[in-house]
Structure formats: structure tokens, C-alpha cells
Amino acid sequence: MPSTPPPSPHIAQLLAQAEAAWNSGELERCEQLARQTLSQWPESAMAWNLLGMVASRYGQLEQAAQLMAQAAKLDATQAQIRTNLAIVLSQLGELAQASALLAQTLEFAPEHETAWQLLAQLLEMQGQFAEQADVLRQAHARCPGSLTLQLMLSDALNTMGEHVQAAKLAADVTHRYPKFADGWSCLGCAQEKLGQIDAARQSLQRAIALKPQEGQLHVNLAHLELLAGNFADGWREYEWRFSCQQSAPLPGLSAPRWQGEPINGKVLLLWPEQGHGDTLQFCRYAQLLATRGARVWLVCVPALWPLLAQGAPGIERLLPPEQVAAEDGQVDFWAPLLSLPQLTESGDDPLGYLVPYLQVEPQRQARWRARLDALPPGRRIGLIWSGNPLNGNNPTRALPRAQLAALAGLDNVQWISLQMGAEGRQAPPEGLSWHAWGDEITDFADTAAIVSQLDLLISTDTGPAHLAGALGALTWLLVQRVPDWRWGLSGESCASYPSMRLFRQREQGEWASVMRAVREALLAG
């Protein structure tokens, strides 16, 4: 039902005072005045909303949701009330419910910019990147004057591989507002994906000049410099990641962070701040540190524990994250894992000569060997065509499953799908059949046991591809035209993983030629 005006001037004054108290940060007074309002006018949607906002500020999210739901029930036409409720629902993890509420809100308030922004962010968090781009197209059409929505659309299109349009939207912002740093940053990111490296560098440097203390701008430049092979500049800029709003939490130890000083005889704790693939790639630096006399401890998440517990050169001890605080007094220094290239002054050396550096658990190896030996004769080739669906890089680096049809009709091959999750449960394209083992894989130790015994793994840019490379297993990696920085811009070989061969897109988003090249290579033997 729609809102009604306060029934008396006194109640109107109470409500106005409550809103003023909220705006000035006087939470107790705001709550008191809101309750006074409700004691005289229980149908005040705004008073219920204010109570919900106060509860939210105190961290009482479930209570806040109940209070705001009551407000929304009393006044279904107040977009801001419903948006506030959606924020609290998202904080409670009810992303789908919050998204649905916002979509309903925008039906009657299509120019509510905050609701569009929040809906787009929630869709991104749920891995619904195509839906996010569609929503932001609508938002830009409804709110054409919003720079924030225009740049969010640019980012979303960049995620979906529509780099030309993404660059156009960002360039329009830089033309109209040349001192707006975020516009230059968006433009630089789109130019990078278009392969316009020099132009991208200029745009990103201009963004930094306008907002020199904004960490994400430096991180964007770091990715570009690493991609271009300018490792000293790239790793230096990458240290800004810790000032980003969404940076991973650091250990909070009393021990100092290692800055490259002598480490002989000291316990150095390595902190894995990012994804599994990063840990698998950069844990090799433990061996380098051990040669300098360090006693290296690595913090290890459950998904990697069974694998790394088999031992990796240079790692003396593994620690689960929850045990780190208890070991504080035993640690001399700590370091983020991805800071090691700079700290060890080996940023331009990916240490490929240390491969292989991971081990396979013998019991699992035997179990999966029995499964492989039971297959019909033929080359045993594993397939992985998509990564984490929640990762914003996945839409452009994943191979559409239909493209695997290019592998149909090859003789003497047993295809083994190691694709996990819902995508791995889909049927193969017509003409191709495979053994689907994705649902039987429990962790990276299982993947290692399988991959180490395959004749070949064909994969897109995923964590298992890093694992295969670290094991020294023969791997063909399918990458987009402008890939993640670690694969570089050209060449078939990979300095980080000598057993890996790269198959690159000729044009961004064009996988057909990649799969033709893979088929030809398989036919060649």
C-alpha cells in the first residue's frame, strides 16, 4: 500500500527529527524518536525503516530485515525503503531474494540509480554476468546521465568480451570529464583487452595521475605491465593491491612482514592471498627461499591440503588458516605469496626450471590408475573447458562446450571430462563422447592423481591447468587473444610450465580456429 502523510504536525515533527538524527549519526536518538513516532502512528513506514537502518548499523541484520520488511509492507511504493531491505538481505547472503526485490522495485521506479547499481552488483556476485550486462544496458538507457552506471556498463561489457563497445562508453566519459580518473581506468582496461597495450598504459597512467592513492588503479596498471613482460614495473605496482577495498585479509601477526632482508635460519610464513591456481604457481618460491636458509611455512586452505601435504620442495610445514594466530610466537617473518617475485628479486624469472615440484598421493594414484586401466584402448586425454563460474574472467576465458565438437571423429582417443560442477554434468556435443569423472573428483589431490597419468590434458585457463603444469604433465592450454598476464601475448611455450603448450585465439572471442589447431595437432600425433 502507498504511504500516507503523517496524521498530525506533531508526528511529522517527530519523524523529521528522527531522520535528522540518522543523518547526523545519532543512532540512539534516531531509534528513540522512531519508536516515539510508532507509538503514536504504527503505520509509519519511514519510522520502521529508520529502526531497521539503526539495527543494521549495529550489525543486527536479521532484526533489520524484519523491520525493513514491515516498512516495505506498509509502503510498497518507496523505492529507497525496498533498496535498503535489499542491501540487508544481501548482507545476510540472500542474494537471489535481494535481486528479485530490486527487480520488482525498478518496475515502478525505473530511474532509481542506486537500485540499478545494487542489482548489477548482486548479479555479478552470483556469477550472472550476461544478466548483469543486460541490466546495466537498461539502467544506462533509463539513467543516461549517470557516470557510475555508464562505467559499470563498460566494465560489464568488458567482462562479456564486448571490448569495443566497452571502450566507446569509457572514452565518452573521458571526453566529457577528462579529470575523472575512473573513466580513464575503464578505458585502459578495455584497451588492454583490445590488445592496444601502449594506449592502455597511457590511459591507466593518466588515471593514476588524477588519483595517485587509489590502489585499484595501480593494480590495473600492474596487470598490464606483467602482461607486456615489464616485470619490475608490474610487480612494484602490484603491491598496491593491499590498499584496495576488496583485498584479501592479511594474517595480522605480530611478526613483521618480510621486506627481503637476510632470512637464514628464520621461520617465514607464506600467506596465500588469492585463488588456488595462484597458490599452485607461486608455492615454488618456497624452494628458492629454502636455498637462502629460510624455514618456510605455508598457510594452506582445505581444498589444497591433501595435495600439498604430499610435500613440496622447500616447504617445512603447512598450517591451516585458523591455526596461524596460535603460531604467532614461532614466526619470524611473513610474506604474501604473490609478493615473492619482487621480494626475491626474481620477478623476471618464473622459475620454470623447478618444475615438477608437486607430488601425487600414492594411494590415490593407484585408485585412479585402476579406473584408467579399465578404459578401452586409446590415448587418454582429459578435458576441462570452464573455470569457476563466479570468476569475472570466466565468460571470456571459458570455451563454449559446443566448440568441443571439433574433437569428434578422432580415432584411438578416450576422452575424459574432468569438468566439475553443473557444466560438467552437461551432455557432450553431438559426435563426441566422454567419460565424465568431474563429480567424482573431491579435491586437487584427486585431480593430480588423474592428470599425472593422462597422455594429455586439454584445458582452458583454470586451477587444474596450473596443477598439471606444476606436475610436469603434458598440457595444452587454450587461451584468449589477450589472456591473463601469466600467459603473455605471444608464443606457444610457457616459461612457468615447460610441459605446457599454448593455443591462442587469433581474434578475441573466436575459438573455432583454436579448436581447429588443436585437432590438427592431435592428428599430427
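Which residue in β10 stands opposite Leu478? The residue is Phe503. Before going on, the caveats: this is a predicted model, where local features need pLDDT of at least 70, side-chain atom pairs count only at pLDDT 80 or more, and totals for chains, interfaces and linings use all residues. Residues are numbered from 1 along each chain as its sequence is written, and side-chain values use heavy atoms, with hydrogens and water left out.

Strands here are DSSP runs of E with at least two residues, helices are runs of H or I with at least four, and both are numbered from the N terminus. Two strands pair if DSSP finds at least two bridges between them.

Back to β9. Strand β10, residues 500-504, runs parallel to β9, with five bridges joining them. β9 also pairs in the parallel sense with β8, residues 456-460, over four bridges. In that pairing, Ile458 stands opposite Trp476.

Strand β9 covers residues 475-479, and five of the five are buried, so the strand is largely enclosed by the rest of the structure. Buried means under 20% relative accessible area, with a 1.4 Å probe and protein chains only. Thr475, Leu477 and Val479 point one way from β9, while Trp476 and Leu478 point the other way.

Now a separate stretch of the chain numbering. Four strands form an open sheet, ordered β3-β2-β1-β4, with parallel pairing. Its edge strands, each pairing on one side only, are β3 (315-319) and β4 (333-336). Strands β1 (residues 267-271) and β2 (residues 295-299) run parallel and are joined by four bridges. There, Leu270 stands opposite Leu298 in β2.

Key:
Buried < 20%, exposed > 50% of the residue type's maximum accessible area, 1.4 Å probe, protein only.
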